Amino acid sequence: MGRIVAPYGLKGWVRIEPYSPDPGSFSAYPAWWVGRNGDWRELKVAESVLQHGTSLVARLEGCSERNAALALKGSEVAVERAALPRNANNEFYWADLVGLKVVNVKDEELGVVAGLFENGAHPVMRVVEGEVERLLPFVEQVVQQVELAQGRIRVEWELDW
């Protein structure tokens, strides 16, 4: 859902860069999973999530001074999958797309989705095949169909692009 980018103030608050286009959704979850490199722990939100410019600020349980907040810098913030709302038709959580095969309309395989990120204009899908990495815009003109059950994404993209 986001990443802790810095401490905020002296009393253990942290500044969070949200990945979601709806940063207000953070306040719907009373506890978050915070961690990095596979080391995760559940932390309760001790004081309300507040919007501060494009970021959010909050204080997590057990984090009452600046050094504790500094130790969380760089950690990812997540919630349990079961707590997330159901997707609408043709909406996908990025985590569901990672690992899917990407094929073009000619059935040529481009690789596997290694990740997605926002570039400011639109989401970008990072597709990897061996040493080759392709960055495909995750927009309607490129992504023709997401077939979760078949484990693939069909795109309008050529091998030599």
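**A guided reading of the chain**

At 0% relative accessibility, tryptophan 32 counts as buried, where buried means under 20% relative accessible area, exposed over 50% and partly exposed in between (1.4 Å probe, protein chains only). This is a predicted model, in which local features need pLDDT of at least 70 and side-chain atom pairs count only at pLDDT 80 or more, while totals for chains, interfaces and linings use all residues. Residues are numbered from 1 along each chain as its sequence is written, and side-chain values use heavy atoms, with hydrogens and water left out.

Consider the overall layout. The chain contains two helices and 12 strands; helices (H or I, at least four residues) and strands (E, at least two) are DSSP runs, numbered from the N terminus. Read from the N terminus on, the order of elements is β-β-β-β-β-α-β-α-β-β-β-β-β-β. Along the principal axes, the C-alpha atoms fill a box of roughly 55 × 35 × 30 Å. Of the 161 residues in the chain, 36% are buried.

The aromatic rings come next. Across the whole structure, a search finds two aromatic pairs. The ring centres of phenylalanine 26 and tryptophan 32 are 5.3 Å apart and their planes stand at 85°, so this pair is edge-to-face. Rings of Phe, Tyr and Trp (its six-membered ring) pair if their centres lie within 6.5 Å; planes under 30 degrees apart count as stacked, over 60 as edge-to-face and the rest as tilted. Phenylalanine 26 has a relative accessible area of 0% and is therefore buried. The other pair joins tryptophan 157 and tryptophan 161, whose ring centres are 5.3 Å apart with planes at 75°, so the pair is edge-to-face. Tryptophan 157 is buried, at 16% relative accessibility, whereas tryptophan 161 is exposed, with a relative accessible area of 54%.

Finally, consider a charged residue. Arginine 134 lies in strand S10 (residues 132-137). Arginine 134 is buried yet has no salt bridge, that is, a side-chain nitrogen of Lys or Arg within 4 Å of a carboxyl oxygen of Asp or Glu. The nearest side chain of opposite charge, glutamate 129, is 4.1 Å away; Lys and Arg count as positive and Asp and Glu as negative, while His and the chain ends are not counted.
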